[in-house]
Amino acid sequence: MRIALAFLLLATPATAWEFSALRVCTLTDTSDAGEIIVTYDAAITEYTVTVTLPNGTWPSDPTFGMAFAGERPISIQTDRYTLSNDGRSLTVKDRGFGNVLNGLEFNTRAYAILGDTTIGFSLSGIGPAISDFRACPAVNLA
């Protein structure tokens, strides 16, 4: 019985970074830690990053930060974020996301930090999806 259970667990597809080029360019990863979605809307030239907790709510704190660990570590922070009505999702919007995209592409881990809550995401396997994401705005403008 244990062997059958082990095969079932091993046969379960692993989560992976995904890219979509529908109306808005979207880069997504979902894990046990939570979900991170990066979007670019070429119609309004705006990027967003939304980080959703699997359980609980984000605390109240004036500054949200992201830290990237790996070959090119970087930390960024902002006070320009919003929380969803249920408090589980945090969103940052901006017209420039170079530091975020570089942090995702050139590192091995990403951390979203607000107050005493930190969730981490593996960046393993993000290469093809981040390349497609970076190329997407030109496709959407055509």
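Student: What links Tyr40, Tyr47, Phe97 and Phe133 into a cluster?

Tutor: Ring pairs link Tyr40, Tyr47, Phe97 and Phe133 into a cluster. The model is a predicted one, and the aromatic pairs in it come to five. Among them are tyrosine 40 and tyrosine 47, whose ring centres lie 4.4 Å apart with 45 degrees between the planes.

Student: Why is the pair of tyrosine 47 and phenylalanine 133 called tilted?

Tutor: Their ring centres are 6.5 Å apart, and rings count as a pair if their centres lie within 6.5 Å. Planes under 30 degrees apart would be stacked and planes over 60 edge-to-face, so the 45 degrees found here make the pair tilted.

Student: What does the pair of tyrosine 47 and phenylalanine 133 tie together?

Tutor: Tyrosine 47 belongs to strand E4 (residues 46–52), whereas phenylalanine 133 belongs to helix H3, so their contact ties together parts that are 86 residues apart in sequence. Both tyrosine 47 and phenylalanine 133 are buried, and tyrosine 40 is buried as well.

Student: What makes E4 largely enclosed by the rest of the structure?

Tutor: A residue is buried when its relative accessible area is under 20%. Six of the seven residues of E4 are buried, so the strand is largely enclosed by the rest of the structure.

Student: Which strands pair with E4, and over how many bridges?

Tutor: Strand E3 (residues 34–41) pairs with E4 in the antiparallel sense over seven bridges, and E8 pairs with E4, again antiparallel, over six bridges. E3 and E4 form a hairpin with four residues between them, and in its turn threonine 45 has a positive phi of about 45 degrees.

Student: How do you know that cysteine 25 and cysteine 136 form a disulfide?

Tutor: Their sulfur atoms are 1.9 Å apart, and the limit for a disulfide is 2.5 Å, so the pair qualifies. The structure holds one disulfide. Cysteine 25 lies in strand E2 (residues 25–31) and cysteine 136 in helix H3, so the definition of these elements places a link between distant parts of the chain, 111 residues apart. Cysteine 25 and cysteine 136 are both buried.

Student: Why is the disulfide of cysteine 25 and cysteine 136 assigned its handedness?

Tutor: The torsion about the S-S bond is about -80 degrees, so the disulfide is left-handed.

Student: How do you know that aspartate 94 and arginine 80 meet in a salt bridge?

Tutor: The nitrogen-to-oxygen distance between their side chains is 3.1 Å, and the criterion asks for a separation within 4 Å, so the contact counts as a salt bridge. Aspartate 94 lies in strand E8 (residues 89–94) and arginine 80 in the loop between strand E6 (74–78) and strand E7 (81–83), so the pair ties together parts that are 14 residues apart in sequence.

Student: Are aspartate 94 and arginine 80 buried, partly exposed or exposed, and what makes each one so?

Tutor: Buried residues fall under 20% and exposed ones over 50%. Aspartate 94, with a relative accessible area of 28%, is therefore partly exposed, whereas arginine 80, at 51%, counts as exposed.

Student: What makes arginine 134 and glutamate 105 a salt bridge?

Tutor: Their side chains meet at 2.6 Å, N to O, which is within the 4 Å limit. The pair links distant parts of the chain, with arginine 134 in helix H3 (residues 127–141) and glutamate 105 in helix H2 (residues 98–105), 29 residues apart. Arginine 134, at 35% relative accessible area, is partly exposed, and glutamate 105, at 27%, is partly exposed.

Student: How do you know that the charged end of arginine 72 sits over the ring of phenylalanine 106?

Tutor: The charged end is 3.7 Å from the ring centre, against a distance limit of 6 Å, and the rule also requires a position within 35 degrees of the ring normal.

Student: Why do E6 and strand E10 stand at the edges of their sheet?

Tutor: The open sheet has four strands in the order E6-E5-E9-E10, with antiparallel pairing. E6 and strand E10 (117–122) each have a single partner strand, so one side of each is left without a neighbour in the sheet. Neighbouring strands of this sheet are turned by 15 degrees against each other on average, direction ignored. Strand E9 (residues 109–114) pairs with E10 over six bridges, and tyrosine 111 has glycine 120 in E10 as its bridge partner.

Terms used
Residues numbered from 1 in each chain as written. Predicted model: local features only at pLDDT ≥ 70, side-chain atom pairs only at ≥ 80, totals over all residues. Heavy atoms only, no water. Helix = DSSP H or I, 4+ residues; strand = E, 2+ residues; numbered from the N terminus. Buried < 20%, exposed > 50% of the residue type's maximum accessible area, 1.4 Å probe, protein only. Pairing = 2+ DSSP bridges. Axes fitted to C-alpha atoms, helices over the stretch in contact; angles between N-to-C directions. Phe/Tyr/Trp six-rings, centres within 6.5 Å; stacked < 30°, edge-to-face > 60°.
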